[in-house]
Amino acid sequence: MKIVVAGTGYVGLVTGACLSEVGHTVTCVDIDEKKVEIMKQGISPIYEPGLDELLEKNYKEGRLDFTTDYANAYKNAEIVFIGVGTPERVDGSANLDYVFGVCKQIAENVTKDCLVVVKSTVPIGTNDRVEEFLKENVVNNVKIEVASNPEFLAQGTAVVDTLHASRIVIGVESRKAEEKLRYVYERFNQPIVVTNRRSAEMIKYASNDFLALKISFMNEMANVCEIVGADIEDVAKGMSYDSRIGNKFLNAGLGYGGSCFPKDTKALHWLANDSGYEIKTIKATIEVNENQKYKLFRKAKQEFGSLKGMKVAVLGLTFKPGTDDLREAPSIPNVRRLLDEGTEIVAYDPVGIENFKKLYPTEIAYVTSPEEALKDADMAFIFTEWNEIKSIDLSKYVELMNTPIVYDGRNCYDTKEVKKYNMDYYSIGRKEIVNSTVRRKLDESMLCNF
């Protein structure tokens, strides 16, 4: 099967690499010549474990190629996967400009009957609009059909999620389109769910929004746990044994981020509102998540009033471990608030520093180890639960920090272990650990700064 993939971001590039891995001939199209040349060298332009190896292997073996020559790529394609971005607009709706830009190129250049598969996350009804657009703009005498095939990959595990997916969803309006996609995926040996196009589009939004809702629900429960004296981790453990609930997405923290959940919750909320209906659970999910980002910053402000002059260690910048993606990462607004307070920030992240420098090139200092960040700090904020951060010996906080005051937004440490050390520790949905000696030392240090 001769397959073309439009777009080489997370969705497009992972899709193209994995399709070639199971034996298909795949050409990935991108407008950036430098990016294309890098990918031909087996180097992924995005940080994703296992992806470099797939690119190098399948390019060398002739099943995977990259080009900026979209006209030639689309010319004889049997199937075109659209995997370009659908970023949110200011009002929360999905921006489909990139999708229809690709459709225009396909319509002008395809010379044989083909199937266009929309893999990008798009609002319900978009596939119908895409098919109508292609039929109206096609130049040559060919038949183009459209199918929906949403992705369910997670950044940091995208390759595994694609090659070993829990299910493959295909939305089609004809038996012929279904047969083509079944052939594409037959070597994946995964359950295939066949629906019409609109149901497939809705499955993607419903899945992501339900997971986002689950996260916000647990964060609400965590906030109540702090009020009533319960422990959110004990609560989550007790809930997890119920098979109807499961044990995934029960961790409390500073909320979700990334390229999917924030965008997809807002898009579905906007779509429903535009149709005269309000999804109250999704509206609440969005509001809870936005408020949760600042929970520990507010706690520090309530505790100390002004943070001016304090040296702050920031541990973790990306929205989650396993990726260099900063989209909707809680670190970004918190760093801004800390800078506005007049703090001195020293930040550490295993892979996210270069991207963060694009936002704050000179305003904060960057280091290559957690220990460097902690040295002489007055307080530390943990925004990402990288293993490099979770594995820090708690004694290092006491040994290296000026005052070991830790605001852990990802519940990285066992509170029973923390109690063994002379440090202040604030986490999410668990009892605060406050040491009077630490507080007294900070007060003395702050007085010396004036």
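Me: Which residues of H6 are buried?
Reply: In this predicted model, the buried residues of H6 are Thr126, Asn127, Val130, Glu131 and Leu134. Seen down the axis of H6, these residues fall within an arc of 140 degrees, so they line one face of the helix.

Me: Why would residues spaced like that end up on one face?
Reply: An α-helix has 3.6 residues a turn, so residues three or four places apart point the same way.

Me: And what is exposed on the other side of H6?
Reply: Lys135 and Glu136 are exposed there.

Me: What covers the buried residues of H6?
Reply: The cover includes helix H5 (97–109), strand S5, strand S6 (144–148) and helix H9 (197–228).

Me: Is Thr121 buried or exposed?
Reply: Thr121 counts as buried, because its relative accessibility is 9%, and the cut-off for buried is under 20%.

Me: What does Thr121 touch?
Reply: Setting aside residues up to four places away in sequence, Thr121 touches Thr86, Glu151, Lys204, Tyr205, Lys263 and Asp264. Thr121 is also one of the residues that line the second largest cavity.

Me: Which other residues line the second largest cavity?
Reply: Along with Thr121, the lining is made up of Val118, Lys119, Ser120, Val122, Asn127, Ser148, Pro150, Glu201 and Lys204. By class, this lining has three nonpolar, four polar and three charged residues, and the cavity has a volume of about 40 Å³.

Me: How many cavities of 30 Å³ or more are there?
Reply: The count comes to two cavities of 30 Å³ or more, and the largest cavity has a volume of about 180 Å³. Of the 16 residues lining the largest cavity, Lys119, Glu151, Phe152, Thr162 and Ala165 are the closest to its centre.

Me: Changing topic, where is Asn95, and what is it in contact with?
Reply: Asn95 is in the loop between strand S4 (79–82) and H5, and, leaving aside neighbours within four places in sequence, Asn95 is in contact with Gly85, Thr86, Pro87 and Arg89. Asn95 is buried, with a relative accessible area of 14%.

Me: How far is Asn95 from Val122?
Reply: Asn95 and Val122 are 27 residues apart in sequence and 8.9 Å apart in space, taken from C-alpha to C-alpha.

Me: Last one: what is the relative accessible area of Ile170, and which residues does Ile170 touch?
Reply: Ile170, which lies in strand S7 (residues 168–171), is buried with a relative accessible area of 0%. Not counting residues up to four places away in sequence, Ile170 touches Ser148, Asn149, Glu178, Leu181, Ile192, Val193, Val194, Thr195 and Ala200.

Technical notes: Residues are numbered from 1 along each chain as its sequence is written. This is a predicted model: local features need pLDDT of at least 70, side-chain atom pairs count only at pLDDT 80 or more; totals for chains, interfaces and linings use all residues. Side-chain values use heavy atoms; hydrogens and water are left out. Buried means under 20% relative accessible area, exposed over 50%, partly exposed in between (1.4 Å probe, protein chains only). Contact means heavy atoms within 4.5 Å. Helices (H or I, at least four residues) and strands (E, at least two) are DSSP runs, numbered from the N terminus. The arc is that of the directions from the helix axis to the C-beta atoms. On a 1 Å grid over the protein atoms alone, a cavity is a set of points where a 1.4 Å probe fits but cannot get out, and a pocket is an open set with protein on both sides within 12 Å along at least five of seven lines; lining residues have an atom within 4 Å of a point. Grid points are joined across faces, edges and corners, and a volume is the space filled by probe spheres set on the points. Ala, Val, Leu, Ile, Met, Phe, Trp, Tyr, Cys and Pro count as nonpolar, Asp, Glu, Lys and Arg as charged, and the others, Gly among them, as polar.
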